[in-house]
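Hello, and thanks for passing this one along.

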Amino acid sequence: MTSSRNNTRRLLSGILLGFVTLASSTVAAQNKPRSLVPLLGEPEQSRPANTSESSPEPAPAAQKQKQVIEGSRIEGSVVVQKLGGLDAASVGILDASTGDLGSSMWQGTSSSRVATLIQHLPVSSSSPEMQKLLRRLLLTAAAIPRGSEEPTELMQLRLNKLRDAGLVVEASQLVQRVPASKMSSGLERTAVDLLLLEGKNEQACKKIEGMTENTPDFFWEKASVFCNVLSGNMSRAELGVSLLNEDEGTDSLFFGLFDRLVGGNSKLQETDQVISPLHFAMMKEAGLSLSYEQAEKAGFDLLWALAKQEIAEKNDRLRAAYVSLAVGSMPAGLVRQLIIAGALANDDDDAAIDLGHMAGFFRQAASEKDPMEKARLIGELWAAGEQDGTYFAAAGLSLPLLKQISAVSLDGDFELDALRVLLAAGDSAEASLWERSIRRSALRGTARERDVAGKKIARADAYMLISGTPGIARWTPSAFDPSAFVKGPELEQGANVGMLLSILEIFGEKVPDELWSAAFGLGQVPQSDFSNKVIEKNLEISANNGRVGETVALSLALLGEGGPAMLSVNSLSAVLTSLQKIGLTDEARHLALEAAILRDL
């Protein structure tokens, strides 16, 4: 991967500053009735108990009075909530049936610490599992202990982080769950921004109508002008612009776009001004296309919007869509559509040359009939993604093509690569077919060829065991051959074996002393991968006390933007162990699998 370790270190340095000044406070849990938006301290019934604290006694029947809240701001038919008000910070769109982390995941974590953790969550393009955990952490309906932080401020932090990750639709759904009585002006503005990014101008204008909050950038006045133009009320729009000219003249892009919307032909000045969602909506309405460079400067939420903008230049859309795929904010379908439609068909864009190569490999593989040649082209696509630092995005892009190839004996490492890609995608059935194909290879050819095939089987077994996928692979210490993992630079030989043994031991396999001795014999050097003792210690404490949200957040913080492949084995082990302690074993296995794949175990 090409993610910078220096960026990761800078990100985590901010977290350390928060950790040395903040301490956890414990809030006693109170048993309250389950609701879509849980109250403070509501216990999670579906998650195994991981704390030493005893469960609270059920509340008396007289206390289980419920209130039904309905309204245009609440998505879904009803929201059941205990009388006493709805805490904006506790609202979510995920529950036990949709993959949440438990309604009591912040139990025992102070609100100030929750705020610090959310602020420093990394957005990673290297780890699909990290992206899933980030999404679940931010979207789970969970009570946050009351403290000095305002609930609306905590909700704002969650929404900001979702936008940082390009999760526009999810952020929009989340803010719509906040009751109208709990909405701050900041949340209202975020809701409007998100609707504008989604292209839902009519809904945005309904929220803008009547808003009179003063902001330094005159947002509501400008948004009102835009909505008046859309509704055809030109006199009010022109009056609004004239007032803005007197008070606010620094937003040259807004005034240029207004002129375009009312039929003018003003030339939009090239400035360093960052494109806002309002600018984006005005440009789209005026028939103007946002460039990739403009969207990239603005952030992942604007890149997501550019990818969805049909009038935008096709090459720019593909670049934005692929980056969005890499950070987990968009499925691969749109990327495939744009490639098939001919985006980046010519390598005349130096800034997108790597993606252009990947697009070319995809198009060739899609039209290729010969299985061997199709496999070669798919392998080139994976290699290009690895070189570009977007291996898992390239792998996800290739899945439909890979499934067109039967699991047969092929040259080189394609069988093993196919197994890894399918395991990472969670397709255990297809992965098992390739596992069998790899085993069949060991029965054919010369003695040397069978020996090579035997080493490939050992590596395939390692991936199957790490993922926890049922298959033929079994952990047999007496048959373990460390030489199967000796490849690449000499200093990596012992590291690969050490990482594998560490992961297997974490997931309950017995590793005899002789194997640790054999790993030492391959050569060991001090680890240069990223590690941080302070975060590790905080993580250990959180996991031991069953604080689910805190453990997940600290795990993500330790993993950093670089993801699991960048961590030292000790730090990776700390993450995997901690996630297991709070009942997230499958998630830990996925992270371990990603680390093994990216390090080419």
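Which residues lie nearest the centre of the largest pocket?

1. Please keep in mind that this is a predicted model. Nearest the centre of the largest pocket lie Pro128, Glu129, Gln131, Lys132 and Gly328. They belong to a lining of 40 residues, and the volume of this pocket is about 780 Å³.

2. Next, the elements around that pocket. Two or more lining residues come from each of helix H3 (128-139), helix H14 (314-326), helix H18 (391-402), H19 and helix H27 (585-598). H3 gives the largest share, with eight residues. If you like to sort a lining by class, you will find 24 nonpolar, nine polar and seven charged residues here.

3. Now to the rings. The count of aromatic pairs comes to seven. One of them joins Phe254 and Phe255, with 5.4 Å from centre to centre and 75° between the planes. That angle makes the pair edge-to-face, because planes over 60 degrees apart fall in that class. Both partners are buried by the cut-off of under 20% relative accessible area: Phe254 has a value of 0%, and Phe255 has 16%.

4. A second pair is worth a look in your viewer. Why does the pair of Trp382 and Phe414 count as stacked? The ring centres are 5.3 Å apart and the planes meet at 10°, and an angle under 30 degrees is what stacked means here. Trp382 belongs to helix H17 (residues 371-388) and Phe414 to helix H19 (residues 414-424), so this pair ties together parts that lie 32 residues apart in sequence. Trp382 and Phe414 are both buried. Ring pairs also bring in Trp434, which forms a cluster with Trp382 and Phe414.

5. Two charges over rings may interest you as well. Lys222 places its charged end over the ring of Phe254, 5.9 Å from the ring centre. Over the face of Phe507 lies Arg589, at 4.3 Å from the centre of that ring.

6. Finally, the chain as a whole. How many helices and strands does the secondary structure of the protein chain come to? There are 27 helices and two strands. The protein chain has 601 residues, and 53% of them count as buried. Taking contacts between residues at least 6 apart in sequence, 68% join residues at least 24 apart.

How values were computed: Residues are numbered from 1 along each chain as its sequence is written. This is a predicted model: local features need pLDDT of at least 70, side-chain atom pairs count only at pLDDT 80 or more; totals for chains, interfaces and linings use all residues. Side-chain values use heavy atoms; hydrogens and water are left out. Rings of Phe, Tyr and Trp (its six-membered ring) pair if their centres lie within 6.5 Å; planes under 30 degrees apart count as stacked, over 60 as edge-to-face and the rest as tilted. Buried means under 20% relative accessible area, exposed over 50%, partly exposed in between (1.4 Å probe, protein chains only). Helices (H or I, at least four residues) and strands (E, at least two) are DSSP runs, numbered from the N terminus. A charge sits over a ring if NZ of Lys or CZ of Arg is within 6 Å of the ring centre and within 35 degrees of the ring normal. On a 1 Å grid over the protein atoms alone, a cavity is a set of points where a 1.4 Å probe fits but cannot get out, and a pocket is an open set with protein on both sides within 12 Å along at least five of seven lines; lining residues have an atom within 4 Å of a point. Grid points are joined across faces, edges and corners, and a volume is the space filled by probe spheres set on the points. Ala, Val, Leu, Ile, Met, Phe, Trp, Tyr, Cys and Pro count as nonpolar, Asp, Glu, Lys and Arg as charged, and the others, Gly among them, as polar. Contact means heavy atoms within 4.5 Å.
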